[in-house]
Structures are given as C-alpha cells and as structure tokens.
Amino acid sequence: MRNVYLDNNATTMVAPEVIEAMNPFFEEFWGNPSSMHTFGGQIKKHIEHARQQVASLIGADPTEIVFTGCGTESDNMAVRGAVEARGEHSHIVSTRVEHPAVLAVCRHLANHGCTLTELAVDSQGQLDLDELGGNLDGDATIVSIMWANNETGVIFPIDEIARIVKQNGCILHTDAVQAVGKIPIDVRKTPVDMLSLSGHKLHAPKGVGALYIRKGTRLNPLLLGGHQEGGKRAGTENVPYIIGLGRACQLAAECMEEETVRLKALRDRLEAGILETCPNVTVNGDRKHRLPNTLSVGFKHIEGESILLMMDDLGMAASSGSACTSGSLEPSHVLRAMGVPFTSVHGSIRFSLSRYNTDEDIDYVLQHIPRIVERLLEISPFGEDPA
Ligand code: PLP
C-alpha cells in the first residue's frame with residue numbers, strides 16, 4: 001500500500017536539509033546564546049544568520065524579525081501587543097474566516113474593552129473591500145486579515161487591503177502562516193506592519209515561528225522577562241529550531257518558482273479528476289485566487305470524516321475542515337461564513353500538497369476516491385439537500 005500525505009496545510013514533513021542544519025545545535029553548539037563565554041556567545045551569529053534567511057524570504061530587514069514559539073504566538077503577540085500599545089479601547093477589524101489563533105485573541109480582547117468588527121466574506125470566500133474601508137478609523141484601529149486561508153487556500157488581495165488600511169492611518173497585521181514559502185511575499189512592496197509565519201507549515205519543525213514587525217510599529221511584548229530578541233520576546237532562544245526555520249526559509253526561496261508551477265499542475269489534475277469522476281461535488285472558494293497547493297471540495301450527502309477514514313485505510317491523509325478543528329465534528333466556521341450548504345460543509349475535504357508529493361500520489365488518490373465516494377453514497381443516510 002502507498003502512503004500519500006496530502007495534509008500539508010496541517011503540518012509538513014521536516015526537510016532532511018533542515019534536520020541536517022539543526023543537528024549540530026543539539027550535539028555541539030548547545031550553549032546559551034546570552035552567555036558571556038565563547039561556548040554560548042558564538043551561537044548568536046548563527047541565530048542572526050537564520051534571522052537573515054527568514055527576512056530574505058519576505059523582503060524584510062533582519063532587525064524586523066522576532067522569533068517566536070509558533071504561528072499562534074506570533075498572531076497573539078501582533079494583535080494583543082498592538083492593542084496594549086494603544087490602550088484597551090482599540091477597535092479591531094478582522095474577518096470571520098481567520099484561523100482561531102487570530103479569532104480567539106480578537107474575541108478575548110473584545111471581552112476586555114475593545115470593539116471588534118468581523119468582516120463577512122462572500123460565497124467565494126472573498127471580502128468586500130468597501131466594507132473594510134468603511135470600518136477604519138485612524139491609529140486606534142488594528143486590522144488583522146490573513147494572507148491566505150488555511151481551509152480553502154483563498155488568497156486575499158493583501159496589496160489592495162494594505163493600501164486601504166494605510167490610507168486610513170490604521171495598523172495592519174496579516175496572518176501569513178499559510179502563505180509564506182508558498183507564494184511570493186515582499187513586505188517592501190506590500191505595506192503590512194506585522195506578518196506572522198510558522199515553521200511547521202514550510203518544512204521546519206513544529207514549535208517555532210516568527211513575527212515580522214515593520215520598523216517604527218508600536219507593539220508591546222507578549223512575554224516579559226529576559227532581554228532576548230531585543231526585549232520583544234523574552235525566553236531563552238530555541239536555537240536548533242530557529243536554525244531549522246532559517247534553513248527552511250532559504251530552501252523555500254530557492255524552489256518556490258518551480259514548485260508553484262509543479263504543485264498547481266498536480267492540484268489542478270486532482271481537482272479535474274475528482275470533478276469528473278464524483279457526483280455532486282463542488283470546489284470551495286475562489287479558484288482563481290488560491291494557494292497553488294490547496295484544494296477544498298465538498299461531497300454532497302457524505303460525511304467528510306467517513307471519507308477520511310476510508311482514505312486512511314488506504315494510506316492517504318487529508319483533512320476535513322481545518323487541522324485545528326478536525327477531531328471535533330463542529331462544521332467549519334470558514335465554510336459556514338462562505339454560505340456553503342450544510343450538506344456540503346459536512347462532506348468537505350481539504351487536500352494540501354507539498355514539494356514531496358508526486359504525480360504517482362495524485363494517480364493513487366484518483367484511483368481510489370471515486371470508489372470511496374460511490375460506496376459512501378450507497379449508504380448515505382442523508383435525504384435531498386434542502387438548501
Ligand atoms: N494561522 C494559520 C492560518 C494557520 O493555518 C495556523 C495553523 O494551522 C496557525 C495560524 C497556527 O500556527 P501554529 O500551529 O504554528 O501555532
């Protein structure tokens with residue numbers, strides 16, 4: 001049986017080159033970078049090299065990169081830190097389709113004095129930019145809008161969003177956890193103030209992330225303590241993982257152009273094959289503005305979890321809804337916000353590819369999916385779609 005991993009928006013395999021780069025920092029260079037002695041102090045320059053590698057992938061200056069413990073921490077630090085720097089009566093503008101790492105912190109702050117506006121999306125998962133503009137009110141407004149959606153892969157027009165937000169004098173954070181390493185990002189051209197990224201979505205380990213903070217952005221730290229990361233993020237640095245994140249960013253930069261074309265071709269073949277061979281299936285989200293690696297499809301009248309279990313028996317891994325909500329049968333908040341009919345939300349599957357997927361992987365999935373869908377439709381307890 002073949003093993004086909006198509007759940008790369010949940011997490012990715014750590015690249016062998018990344019492991020190789022990290023190993024010396026477990027085995028040999030394990031000192032504390034804050035130490036006075038050479039044993040620890042010499043490690044600082046390796047952290048700075050990693051910072052340079054991360055910065056270079058997104059067009060930032062290395063001094064604008066703060067290493068964090070994960071994408072969630074970066075998101076929390078950006079939104080919470082910006083609110084704290086402005087006072088608790090800030091207005092936060094975000095969207096209904098953000099990852100819980102943003103949604104939860106915005107809702108928490110709304111329970112503690114902030115005003116929160118969650119912008120709606122249309123059936124394609126896209127925002128109404130006039131509605132965004134109408135909600136902006138100077139420096140007291142903090143906008144947090146993701147670059148690309150983890151469930152559908154839909155890419156928001158972040159250049160346009162940044163232009164509108166900056167014209168109105170507001171501060172803009174973007175959760176680019178799913179975008180970094182998959183599509184070109186250049187903060188010199190896209191004037192976001194803060195940008196979150198996470199190691200385990202681009203072939204570095206879980207448990208390391210970074211926050212880009214544009215020079216001059218007012219932000220309070222989330223973690224207080226030592227002077228690490230220029231006082232912006234206290235805590236002894238996770239040296240091997242930071243080194244791994246740097247190497248992963250370098251690899252992503254090297255292969256992005258080629259991989260974008262290859263992955264898009266694989267994803268499009270998967271999409272076309274499923275649409276051709278399975279009845280009552282729809283693609284979720286804006287197909288034109290989408291990450292090259294992501295496909296979200298809704299199979300009407302079937303439980304997504306049943307498809308996943310049958311796929312799992314045949315060695316295939318995908319996801320129903322977002323990684324962070326799978327395990328609970330709560331319908332996806334993203335698909336609900338898009339108005340996807342109830343019967344298709346429950347039968348939605350996300351396939352997400354990486355540079356380790358091959359043509360043979362797609363052949364294997366296309367060989368088995370139609371039969372899985374056919375069998376499940378035979379035993380489907382659902383009636384006709386009322387929507
Ligand atoms: N933001 C988005 C869009 C994500 O997809 C994820 C993880 O799935 C996160 C934030 C959280 O990142 P981490 O798992 O590194 O905390």
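A: What follows looks at the ligand and its shell, and then turns to the sheets.

This is a predicted model, in which local features need pLDDT of at least 70 and side-chain atom pairs count only at pLDDT 80 or more, while totals for chains, interfaces and linings use all residues. Residues are numbered from 1 along each chain as its sequence is written, and side-chain values use heavy atoms, with hydrogens and water left out.

Around the ligand there are 14 residues, the closest being Gly71, Thr72, Asp175, Ser198 and Lys201; a residue counts as near if one of its heavy atoms lies within 4 Å of the molecule. By class, this shell holds four nonpolar, seven polar and three charged residues, where Ala, Val, Leu, Ile, Met, Phe, Trp, Tyr, Cys and Pro count as nonpolar, Asp, Glu, Lys and Arg as charged, and the others, Gly among them, as polar. Helix 5 (residues 71-86) gives the largest share of the shell, three residues; helices here are DSSP runs of H or I with at least four residues, strands are runs of E with at least two, and both are numbered from the N terminus.

Polar contacts are pairs of N or O atoms within 3.5 Å. An oxygen atom of the ligand lies 2.6 Å from an N or O atom in the side chain of Ser198, and for the side chain of Gln178 the corresponding distance from a ligand oxygen is 2.8 Å. The side chain of His99 also has an N or O atom 3.3 Å from an oxygen of the ligand. Taken alone, the ligand exposes 390 Å², of which the protein buries 92%, with accessible areas coming from the Shrake-Rupley method with a 1.4 Å probe.

Another open sheet has three strands in the order 9-10-12, with antiparallel pairing, and its edge strands are strand 9 (281-283) and strand 12 (348-352).

How values were computed:
Polar contact = N/O pair within 3.5 Å; in protein donor to acceptor, adjacent residues only side chain to side chain. Pairing = 2+ DSSP bridges.
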